[in-house]
Amino acid sequence: MVTKRNMDAFTIHTDLLFDPKKKAFSNNTSIVVSRKSGLIANVYQRKDALPKTIEDPDIDLRGLCVLPGLVDAHTHILLHAYTEASSTAQMRDESLVERIIRATNHCRAALLAGFTTYRDLGTEGASDADVHIRNAVNRGLIPGPRIYCVSEALASSGGYEIRHENAIGGSQVPRISDPCDGVIGVRAAVRRRLGAGADLIKFYADYRKRSLRFPGNSWPGCPEVMFPPPQEGLQGERNPNLLLFDQEEMDAIVAEAKTARAPVAAHASTAEAVTMAAKAGVTTVEHGFLSMEGSEAMQTMREKGTIFVPTLAVIELFVSKAAMKDAMAQVKNAFDSGVKLACGGDTGAFAHGKNARELELFLEAGIPLEEVLYCATVRGWEACGGEWCGRNFGWIEEGVAADLVGLGADVRKDTGALRKVEWVMKDGRVWKSGGQAVGMA
């Protein structure tokens, strides 16, 4: 055990701590942290009672419910809530300077909400800005979560673009993906993203690539088209999601990325796209929606060990209560059938700092609390690349990053405790104490 006189380390004392590897809560656990490395140096169960007052530099978290720092496995640090501005308006109309300033605020909000790691899945029109925001956090220039980012997602030509009707008039819009086609083309695109500094690769397995065939009335100033196909359920038939890549192209994307030790995320909404992406060997499938119930897709994900990131929090914004109930039932079915799950809400479409909503929806879907916390910690680390991350985080063990969150209530009795974040540490540095931000001047 390290003594108090050793100023290279300090000890955190807890009386209620969640251990994701054991999927259990423990009492009277103390954690020794190295200042130099920001890693946990030792974990031990106390046999003797502690004094009423803990002296510096040690930290007393007795009375708080302590968890490892949380991981949001699907975020967009350069987007803000769609209730404030649509994604199209943000990508098309907001300056890059404004978007980066907003992203700086988003980093702070995420960290103070107890999310010490972000897997950021696309800048949505801001080129490689996420790479440089990540670097700013890593260099200590701004507070924020540890970020693993993709820069631009990959899509086939015309597959994922800002839809606008005034191209004839000469208007310009930013590109929102790195377009690529064919085996050679997609391999080159993976290399471009890695060369730009991406930690992982994301591609759109499917998307509404024909959305200008029956444009919606969300276009400002544009009247609705007459007699469009009916919009039904979550998928709808008006502008359905269609495949952007074939199996050979998806296989090539994953193979090229994994050669460089980069995990791969696939946006996939249809059962066909989910199945193809899983067969290609992607690390995660994002969204999934209602496509996998009783289908080959779920079985393929289970067999391939694919992590499913269902993004329930963003689905909740756009669908009926009945459709949301079906989406949550699908996630519970995936869990029950042995599909790996990670918590990622597509944060950015709703406000950063409100990330806990995804965990709440997992709980509402019927997934046990300990499993939800595992999905938001260890499974998040796996989604970010696991051993390829370059740092272990998400659990309590020697050699793992000292990322810890103290909740103001026992989450076993009050799930609202996930929003009552009183204390936050990342890499051995305290960023929130007594419910207030510290060290962020």
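**Reading loops, strands and backbone angles**

Modeller: Asp15 counts as partly exposed because its relative accessibility is 28%; buried means under 20% relative accessible area, exposed over 50%, partly exposed in between (1.4 Å probe, protein chains only).

Biologist: What kind of model is this?

Modeller: This is a predicted model: local features need pLDDT of at least 70, side-chain atom pairs count only at pLDDT 80 or more, and totals for chains, interfaces and linings use all residues. Residues are numbered from 1 along each chain as its sequence is written, and side-chain values use heavy atoms, with hydrogens and water left out.

Biologist: Where is Asp15 placed?

Modeller: Strands are DSSP runs (E, at least two residues), numbered from the N terminus. Asp15 is in the loop between β1 (9–14) and β2 (17–19).

Biologist: Which residues does Asp15 touch, beyond four places away in sequence?

Modeller: Contact means heavy atoms within 4.5 Å. Asp15 touches Ser26, Asn27, Asn28, Arg46, Leu61, Arg62, Gly63 and Leu64. Its side chain reaches the backbone nitrogen of Gly63 at 3.2 Å.

Biologist: How many bridges join β4 to β5?

Modeller: Two strands pair if DSSP finds at least two bridges between them. Here β4 (residues 29–34) and β5 (residues 40–45) run antiparallel, joined by five bridges. Ile31 stands opposite Val43 in β5.

Biologist: Which backbone angles deserve a look?

Modeller: Most residues other than glycine have a negative phi, and most peptide bonds are trans. A cis peptide bond joins Asp56 and Pro57, with omega about 5 degrees. His287, not a glycine, has a positive phi of about 80 degrees.

Biologist: Is His287 buried or exposed?

Modeller: His287 is buried, because its relative accessible area is 5%. His287 lies in strand β17 (residues 284–287).

Note on methods:
Helix = DSSP H or I, 4+ residues; strand = E, 2+ residues; numbered from the N terminus. Polar contact = N/O pair within 3.5 Å; in protein donor to acceptor, adjacent residues only side chain to side chain.
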